[in-house]
Amino acid sequence: MRAMILESARKPLRLDENKALPQPGKRQVQIRICACGVCRTDLHVVDGELMQPKLPLVPGHEIVGIVTVLGEKVANIRLGDRVGVPWLGWTCGKCAYCKSGRENLCAGARFTGYQIDGGYAEYTVADERFCFPIPAGFTDVEAAPLLCAGLIGYRALRLAGDAPRLGLYGFGAAAHIAIQVARYRGQRVYAFTKPADTAGQAFARELGAVWASGSDALPPEPLDAALIFAPAGELVPAALRATAKGGTVVCAGIHMTDIPSFPYNILWEERVVRSVANLTRSDGDEFLAIAAKIPVRTTTSPFPLSDANEALKQLRDGTIKGAAVLVP
Ligand SMILES: [Zn+2]
Ligand SMILES: [Zn+2]
């Protein structure tokens, strides 16, 4: 098969035209990949900001494909099923986190496109217990960004609580889905982009933001919660300043630059800063059901598999509208 391989951090991915097909082990399925989203986390892996990838590695954790081979003991998936494979690839099922509904924090967790080969390829294998059925209303390309951008955004929204006035910092793949869920829930959305990114602000307004501006601006009214999707630590004090008493600021990315020090009075009055890590399978089940019901419409920029480096570059430069998706 063809696959894009990360051999060492901070080097472009290499196209391997003749990689052996991965064979499914116990409880795994082999999947012919139809689409794989390009997530900012992939960029952090390729750029060496996340330190423990297996090498060489096939990145990619927003996989949509068709099941082509069943491994031993596969019980709940059939040949020909269309499935999605997310970032959470395996958990131990035995630790205190796994047993208390917090498998996203399992110390033994393994992640797709990081410790397990992922979806920048024509085929992959995945544990059937961590695959989701993809609702029929989505094409393969439309569905791919739901699997991380959508899912992590949903978890961040959920953990931000009931927030009538919601701020979204960074208006890329995750925010363009989160805004649709937030509006469906009746929240008023304020979008913040890089100050010069007027195209991003226009995109946010198109999707129903009541206000959009640079992240250096204060919104016309204080926020009840803010989700930060951009990996820039200086957005934490900026979001706190925009947030009302008792409000919550959620850092939704896996990596962020250092947060500058800030005066206690912008945290005072029960404001909360928290992060969101990974996902649980129940987040995925809930989110895919609600995404189909709304229905969420994803904006995508498809690239051929062999152009993965170009897709990553455009994501780094901030020039992609919505989500980049590789199509093998
Ligand atoms: Zn565990
Ligand atoms: Zn991701």
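Gly-89 lies in strand 6, which spans residues 88–90; helices (H or I, at least four residues) and strands (E, at least two) are DSSP runs numbered from the N terminus. At a relative accessibility of 8%, Gly-89 is buried, where buried means under 20% relative accessible area, exposed over 50% and partly exposed in between (1.4 Å probe, protein chains only).

Which residues does Gly-89 contact, leaving aside its neighbours within four places in sequence? They are Arg-110, Phe-111, Thr-112, Ile-116, Asp-127 and Phe-130, a contact being heavy atoms within 4.5 Å. Gln-115 stands 26 residues from Gly-89 along the chain, and the C-alpha atoms of the two are separated by 8.8 Å.

## Basis of the model

This is a predicted model, in which local features need pLDDT of at least 70 and side-chain atom pairs count only at pLDDT 80 or more, while totals for chains, interfaces and linings use all residues. Residues are numbered from 1 along each chain as its sequence is written, chains are lettered from A and ligands numbered from 1 in the order in which they are written, and side-chain values use heavy atoms, with hydrogens and water left out.

## The zinc site

Three residues coordinate the zinc ion (ligand 2): Cys-39 through SG, His-61 through NE2 and Cys-148 through SG, at 2.0 to 2.2 Å. Donors are N, O and S atoms within 2.8 Å of the metal (3.2 Å for Na, K and Ca); water is not among the atoms, so sites may look incomplete.

Cys-39 is buried, with a relative accessible area of 12%, and His-61 is buried with a value of 0%. His-44, in helix 1, is also buried, at 6%. Not counting residues up to four places away in sequence, His-44 touches Glu-49, Leu-50, Pro-231, Ile-254 and His-255.

## The chain as a whole

The protein chain contains 9 helices and 17 strands. Its radius of gyration is 19 Å, close to the 20 Å that the globule rule gives for 328 residues, so the chain is as compact as a globular protein of that length. This radius is taken over C-alpha atoms, and the rule is 2.2 Å times the number of residues to the power 0.38.

Of the 328 residues in the protein chain, 54% are buried. Among its contacts with a separation of 6 or more, 70% join residues 24 or more positions apart.
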